[in-house]
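Hi,

Here is the model I promised to pass on.

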Amino acid sequence: MAFGYRATDVKRTRDGCQVHIDGLDYFSPTLTVKGKVRPKIPLRDRNRMVHFKDISFRMDKELKHAVGNPSMEMAHWIWTLTAD
């Protein structure tokens, strides 16, 4: 189990569900296909080509509103956020 997360949230994410964690908002797994998918490959083999890629984060409306619209500036080729 990941440190600080409930086992049920970790399991639901592994099962492909979107999970809402209070104070952290929404998380969902993203998938990718490894290899080239061709129509002649049997479906059971194509299904094995799908793999976990990453965890996506989606802020809920209340947090977006609290953050507001920060201004951005480019410094040394790296984007940084600055408070208004």
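From the N terminus on, the elements run α-β-β-α-β-α-β-β, which makes three helices and five strands in the chain. Helices here are DSSP runs of H or I with at least four residues, strands are runs of E with at least two, and both are numbered from the N terminus. Bear in mind that this is a predicted model: local features need pLDDT of at least 70, side-chain atom pairs count only at pLDDT 80 or more, and totals for chains, interfaces and linings use all residues. Residues are numbered from 1 along each chain as its sequence is written, and side-chain values use heavy atoms, with hydrogens and water left out.

Some totals for the chain. Of its 84 residues, 11% are buried (buried is under 20% relative accessible area, exposed over 50%, partly exposed in between, with a 1.4 Å probe and protein chains only). The chain exposes about 7,500 Å², and 58% of that comes from carbon and sulfur atoms; the areas are from the Shrake-Rupley method with a 1.4 Å probe, and for residues only the protein chains shown count as cover. Among contacts (heavy atoms within 4.5 Å) with a separation of 6 or more, 28% are between residues 24 or more positions apart.

Three strands form an open, antiparallel sheet in the order 1-2-3, where two strands pair if DSSP finds at least two bridges between them. Strand 1 (19-21) and strand 3 (50-58) are at the edges with a single partner strand each, so one side of each has no neighbour in the sheet. From one strand to the next the twist averages 30°; axes are lines fitted to C-alpha atoms, for helices over the stretch in contact, and angles run from 0 to 180 degrees between N-to-C directions. Strand 2 (residues 25-33) pairs with strand 1 over three bridges and with strand 3 over eight bridges, antiparallel again.

Which residues of helix 1 are buried? They are D9, V10 and T13. After helix 1 comes G16, which has a positive phi near 95°.

H20, in strand 1, is partly exposed, with a relative accessible area of 32%. Not counting residues up to four places away in sequence, H20 touches D25, Y26 and D60. H20 and M59 are 39 residues apart in sequence, with 9.9 Å from C-alpha to C-alpha.

D25, in strand 2, is buried at a relative accessible area of 5%. Leaving aside neighbours within four places in sequence, D25 is in contact with V19, H20, F57, R58, M59, D60 and L63. D25 and D60 are 35 residues apart in sequence but 5.9 Å apart in space, C-alpha to C-alpha.

Last, the aromatics: the structure holds one aromatic pair. The ring centres of F27 and F57 are 5.4 Å apart and the planes are at 55°, so the pair is tilted. For the cut-offs, rings of Phe, Tyr and Trp (its six-membered ring) pair if their centres lie within 6.5 Å; planes under 30 degrees apart count as stacked, over 60 as edge-to-face and the rest as tilted. F27 is in strand 2 and F57 in strand 3, so the pair ties together parts 30 residues apart in sequence. F57 counts as partly exposed, at 45% relative accessibility.

Cheers
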